[in-house]
Amino acid sequence: MEVMRYDLSMDDCNVIVRADPAISDEIMDVIKYELERVPGQPGYLGAYNYLTIYYKTSPETIKCGRYFMKSLPYHDTVLTEAVEEWGIFRKEAELYRELFHKYERNANKVIKWAPDCLLARNQLLVMADLTSAGYRTIEFQNSLNKQHMELVFDRLAQMHACSLHFEITHLEGKSIEAKYGDKILFETTFTPTSSWFVAGLKGIQKVALERNHHSNDPLKKTIIENQLWTNLERIYTLAESTNEFRSVVVHRDLWVNNIMFKYDHAGALHTGPKDCVLVDFQLARYLPPAVDYLSALYLLTDHAHRTQHVQEYEAYYYGSLQRKLTLLGLNGAEILPWEEFQQTLQHYRLLALVWTGVLHGFVNFPKGLLDRLHHEDPHTYTRMSMENRDDFVMKYYDSDAFYRARFNDVVTELLEFLFDFR
């Protein structure tokens, strides 16, 4: 039964439509709701549906509202158990319930950076449907251009500025970590007990040893064999909260499906996006802003693009953060000096490179592969997700040009960063 399967009730639907700022009608009663599976692979850790709620505004008039709903992946019991153990749905629900709604929302001071959340439960979230407002993710295996990236950096700066403003003006000297860390901003993914994550580290090591051009040099290969894994595991320490640098609530999971863009015209991908919002905060933590900046830089661009624009992007993000803090009545240069931002860029670069390698090794498989595998061979899907995916990594590294290019790009940069290979 749908109500039981998705933990959704008619009472919930009443709450949703009455909380929807887009509905100005006087609502008499909710009549029914319908669920439609979101096509494709919008994410990997839940079930994703469009929710349509029909309601009366008078005895004769029936209207409807459309929403985006994600719930625990009840179709996959193994994944559901893992997701519940990791606490990622609870984390995002708590973020919306306990933190994000307390951030500054004055439109004269803050640009919208996340969708409205209308219902937040530990097993289910209902959000405004951004597709109805013209937002969409980019097409699979397409790259972001400079206009896309500047929008992403601007919205990240807004999210970070709101975090800093809330902490400074509402917590009476306490940090967000001190108040919400254990309850909301706990680690879900970057741990040696996360089998999905460890499988991703193994994929990086496999490609570095058996496919990357640096491994053709026997001396370099010995260094990779003896030192790479220990360096990959440094990510666990880097992912921990710190008192050394100024921190904010960071997103971290900034791959292309977690950013939605709005364009001037509908239809095919356009080069000039005019707006974007960030979605899916299941990996949020309390870390320096550089973690998000670097994650976006490495996850969303290739080496050639980064080389061309990296200095511009650093200045752009930092300038955007300063302007947004000024609008909020804060002295940004005093809160996060440029010198500290630069220091954190170097300190957290390894985290971003390793995380990019883990994600590129999983989300860039050919379009539809993981969805088909999940439905047609769930045993293999569970094994490659939760245990070891090296066979899939090597197969598609050798056969899919985009997969190979993105994976090799980040592995090469990782090896050169760690070992000064040239």
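Visitor: What should I know about the model before we start?

Guide: It is predicted; local features need pLDDT of at least 70, side-chain atom pairs count only at pLDDT 80 or more, and totals for chains, interfaces and linings use all residues. Residues are numbered from 1 along each chain as its sequence is written, and side-chain values use heavy atoms, with hydrogens and water left out.

Visitor: How is the chain divided into domains?

Guide: Domain 1 covers 10-106 + 114-126, and domain 2 covers 142-419. The bounds come from an automatic or database domain assignment. Taken over C-alpha atoms, the two domain centres are separated by 26 Å.

Visitor: How many residues does each domain bring to the contact?

Guide: Domain 1 brings 30 residues and domain 2 brings 36, where contact means heavy atoms within 4.5 Å.

Visitor: And how much area do they bury?

Guide: About 2,900 Å², with 63% of it on carbon and sulfur atoms. Buried area is the accessible area (1.4 Å probe) that two parts lose on being put together, summed over both. On the domain 1 side, Tyr44, Trp86 and Lys91 supply 24% of the area buried against domain 2, more than any other three residues.

Visitor: How many salt bridges are there between the domains?

Guide: Three, a salt bridge being a side-chain nitrogen of Lys or Arg within 4 Å of a carboxyl oxygen of Asp or Glu.

Visitor: Which elements of domain 1 touch domain 2?

Guide: Those giving two or more residues are α3 (77-86) and α4 (88-99). Helix α4 gives the most, with 10 residues. The residues on this side divide into 16 nonpolar, four polar and 10 charged. Here Ala, Val, Leu, Ile, Met, Phe, Trp, Tyr, Cys and Pro count as nonpolar, Asp, Glu, Lys and Arg as charged, and the others, Gly among them, as polar.

Visitor: Back to salt bridges. How many by this rule in total, and what does Asp25 pair with?

Guide: The count comes to 24. Asp25 pairs with Lys63, the closest N and O atoms being 3.0 Å apart. Asp25 lies in the loop between α2 (10-19) and β1 (29-37), while Lys63 is in strand β3 (residues 61-71), so the pair links distant parts of the chain, 38 residues apart.

Visitor: What about Lys183?

Guide: Lys183 forms a salt bridge with Glu94, with the closest N and O atoms 3.9 Å apart.

Visitor: How many helices and strands?

Guide: The chain has 18 helices and 10 strands. Helices (H or I, at least four residues) and strands (E, at least two) are DSSP runs, numbered from the N terminus.
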